[in-house]
Amino acid sequence: MASDLEIRAKEAFIDDHFELAVDLYTQAIAMTPKNAELFADRAQANIKLNYFTEAVVDANKAIELDPSLSKAYLRKGLACMKLEEYQTAKAALETGASLAPAESRFTKLIKECDERIAEEAGELPNQSVDKTSGNVVAPPASESLGNVAVAPKDAQPTVNLSYQGSAARPKYRHEFYQKPDEVVVTIFAKGIPAKNVVVDFGEQILSVSIDVPGDETYSFQPRLFGKITPAKCRYEVMSTKIEIRLAKAEPLHWTSLEYTRESAVVQRPNVSSDAPRPSYPSSKLRWHGAEEMGNL
């Protein structure tokens, strides 16, 4: 029974057996896939395991199933803060606070988001144009990416083909190409109704869920190579594919769709030898803010 699995999952979580809790919640979800509470609670266990992207996906699913579930917004906010997605975290936390105004954790975490957003705004230098090459030189998208060269305005779009995961071939193939101001991701899913597709954008996260009755849910949630502007992103469900347009927050050249340690290679801006070498601020410290204290 799903209820028995849920009880065992909660007990495992209390005993700090977070991997077991995730496994038990997953089994319970397979039996009752429309239970928002299960997704929200699995998100909490994923946070404890430092699986922050997975936690965001679970929280998004919980919100989709029950938009009034305040703890789902709390879990999403916490996970996004760990991913340094402070704008996305703040939006989720503000929604949660409106649903549970007596919960003080929302107020505290929103304040921390405001502080981090202000720090980022103060640390990032203005973009400058190198008059020699005509390239725009921008600061790094995140401290983990390091100093990354910017693509020239006339650079040709690049195409890269990748697959979700490494152990098994995913149900739907995807690829991407880029322009100076956007990245276009195509998921080749034929005949999928638009109502069965959910796409969510974060500052550096893309979350795609395809949930067709009778089929296993397809999830694609990469942490992106660079930051995007969620408000300017859009997607369209077509007869043979889903086309997603990611608006770049900075005109950087993405060497891959997903952020990996291998892709975070420091590159030199394309400047002449006579031009002064650009300097960048030191990487900011990762957030070590408040941890979640139990369930709402």
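**α5 passes α6 in a left-handed crossing.** Left-handed means that the near helix is turned anticlockwise from the far one by less than a right angle, and right-handed that it is turned clockwise. Helices (H or I, at least four residues) and strands (E, at least two) are DSSP runs, numbered from the N terminus. This is a predicted model, in which local features need pLDDT of at least 70 and side-chain atom pairs count only at pLDDT 80 or more, while totals for chains, interfaces and linings use all residues. Residues are numbered from 1 along each chain as its sequence is written, and side-chain values use heavy atoms, with hydrogens and water left out. The axes of α5 and α6 are 8 Å apart, and the helices pack at an angle of about 160°. That angle makes α5 roughly antiparallel to α6. (Axes are lines fitted to C-alpha atoms, for helices over the stretch in contact, and angles run from 0 to 180 degrees between N-to-C directions; under 35 degrees is roughly parallel, over 145 roughly antiparallel, 65 to 115 roughly perpendicular and the rest oblique.) On the α5 side, look for Ser 70, Tyr 73, Leu 74, Lys 76, Gly 77, Cys 80 and Met 81. They meet Tyr 86, Thr 88, Ala 89, Ala 92, Leu 93, Thr 95, Gly 96 and Leu 99 of α6.

**Here we look at Thr 88, a residue of helix α6 (residues 86-99).** Is this residue buried or exposed? Thr 88 counts as buried because its relative accessibility is 12%. (Buried means under 20% relative accessible area, exposed over 50%, and partly exposed in between, with a 1.4 Å probe and protein chains only.) Setting aside neighbours within four places in sequence, you can find Thr 88 in contact with Lys 76, Cys 80, Gly 202 and Glu 203. Contact means heavy atoms within 4.5 Å.

**This view shows Glu 84, in the loop between α5 (70-82) and α6.** Glu 84 is not a glycine, and yet its phi is positive, near 60°. With 3% relative accessibility, Glu 84 counts as buried.

**Asp 16 is in the loop between α1 and α2 (18-31).** Its phi is positive too, about 65°, although Asp 16 is not a glycine. Buried or exposed? Asp 16 is exposed, with a relative accessible area of 53%.

**Helices α1 (residues 2-14) and α3 (residues 36-48) cross at roughly 25°.** Their axes come within 11 Å. The two helices are therefore roughly parallel to each other, and α1 passes α3 in a left-handed crossing. Which residues make the contact? From α1 come Glu 6, Lys 10 and Phe 13, and from α3 come Leu 38, Asp 41, Gln 44, Ala 45 and Lys 48.

**Now follow α3 to helix α4 (residues 52-65), where the axes cross at roughly 165°.** The axes of α3 and α4 come within 8 Å. α3 and α4 are therefore roughly antiparallel to each other, and their crossing is left-handed. Among the α3 residues that meet α4 are Ala 36, Phe 39, Ala 40 and Ile 47. The α4 residues that meet α3 include Phe 52, Ala 55, Ala 59 and Leu 65.

**Glu 103 lies in the loop between α6 and α7 (104-123).** Glu 103 is buried, with a relative accessible area of 18%. Find Ser 70 as well: its C-alpha atom is separated from that of Glu 103 by 9.6 Å, and the two residues are 33 residues apart along the chain.

**The structure holds three aromatic pairs, and this view shows one of them, Phe 225 with Trp 254.** The pair is tilted, with 6.2 Å from centre to centre and 40° between the planes. It links distant parts of the chain, 29 residues apart: Phe 225 is in the loop between β8 (218-220) and β9 (234-237), and Trp 254 is in the segment after β10 (242-247). (Rings of Phe, Tyr and Trp, using its six-membered ring, pair if their centres lie within 6.5 Å; planes under 30 degrees apart are stacked, over 60 edge-to-face and the rest tilted.) Phe 225 and Trp 254 are both buried.

**In this view, the charged end of Arg 173 sits over the ring of Phe 188.** How far is the charged end from the centre of the ring? The distance is 4.1 Å. (A charge sits over a ring if NZ of Lys or CZ of Arg is within 6 Å of the ring centre and within 35 degrees of the ring normal.)

**Finally, zoom out to the chain, with its seven helices and 10 strands.** Of its 296 residues, 49% are buried. Among contacts between residues at least 6 apart in sequence, 59% join residues at least 24 apart.
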